[in-house]
Amino acid sequence: MASKKAKSKAAAKRAQRGSSNVFSMFEQSQIQEFKEAFSCIDQDRDGIIKKQDLKETYAQLGKLNVKDEELEEMLAEGKGPINFTVFLTLFGEKLNGTDPEDTILAAFKLFDPNGTGFVNKDEFRRLLMNQADKFTAEEVDQAFSVAPIDTNGNIDYKSLCYIITHGDEKEES
């Protein structure tokens, strides 16, 4: 019995260590923003995001026909109940290295058939606002606010990829 208690204490310490690491990945202000987002999604305020919470959140955003399978896939990413720590961990994984820099560069190269290292800002804006998950004008403006754009209106996408994967040096100073 004593060894069972010791094992559960060790497991609890590992869990605590694991969760404390995720909190150290973010600034306190970012954690607060994630907490607010979590609270918005956790519709029934029980501290766990469930399928019904997701369904209601999507409904509030105007998307009423989300398939149960889609919601279940989202929840499965948590590999268990999605409390705030798991939620934060999932975002930490998504924001830190899910798409390596070379993957993002390869995507930009599709828009640069001549291999110049630049894409035209206006053409890229048009594509972002009219293809796949369409961006709003505000979202494009927000993305372009950190993009290195030269006087000819071209985005240096290699530098932008670095900013996406490593952060903007201007923000950190």
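Asp-44 is partly exposed, at a relative accessible area of 42%; the term partly exposed lies between buried, under 20% relative accessible area, and exposed, over 50%, with a 1.4 Å probe and protein chains only. Its partner is Lys-50, and their side chains meet in a salt bridge with an N to O distance of 2.9 Å. By salt bridge I mean a side-chain nitrogen of Lys or Arg within 4 Å of a carboxyl oxygen of Asp or Glu. Lys-50 is likewise partly exposed, with a relative accessible area of 31%.

Before I continue, the basis: this is a predicted model, in which local features need pLDDT of at least 70 and side-chain atom pairs count only at pLDDT 80 or more, while totals for chains, interfaces and linings use all residues. Residues are numbered from 1 along each chain as its sequence is written, and side-chain values use heavy atoms, with hydrogens and water left out.

By the salt bridge rule, the count is 8. Which residue pairs with Glu-72 at 2.6 Å? That residue is Lys-51, the distance being that of the closest N and O atoms. This pair links distant parts of the chain, 21 residues apart, with Lys-51 in helix H3 and Glu-72 in helix H4. Helices here are DSSP runs (H or I, at least four residues), numbered from the N terminus. Glu-72 is partly exposed, at 40% relative accessibility. Salt bridges with shared partners also join Asp-44, Asp-46, Lys-50 and Asp-53 into one network.

Lys-51 also forms a salt bridge with Asp-68, at 3.8 Å from N to O. Because Lys-51 belongs to helix H3 (residues 51–60) and Asp-68 to helix H4 (residues 68–76), the pair ties together parts 17 residues apart in sequence. Both are partly exposed: Lys-51 at 26% relative accessibility and Asp-68 at 30%.

I turn to the helix packing. The axes of helix H7 (residues 121–130) and helix H8 (residues 137–144) come within 10 Å and cross at roughly 135°; axes are lines fitted to C-alpha atoms, for helices over the stretch in contact, and angles run from 0 to 180 degrees between N-to-C directions. H7 is therefore oblique to H8, oblique being whatever is left once angles under 35 degrees (roughly parallel), over 145 (roughly antiparallel) and 65 to 115 (roughly perpendicular) are set aside.

Note on methods. Helix = DSSP H or I, 4+ residues; strand = E, 2+ residues; numbered from the N terminus.
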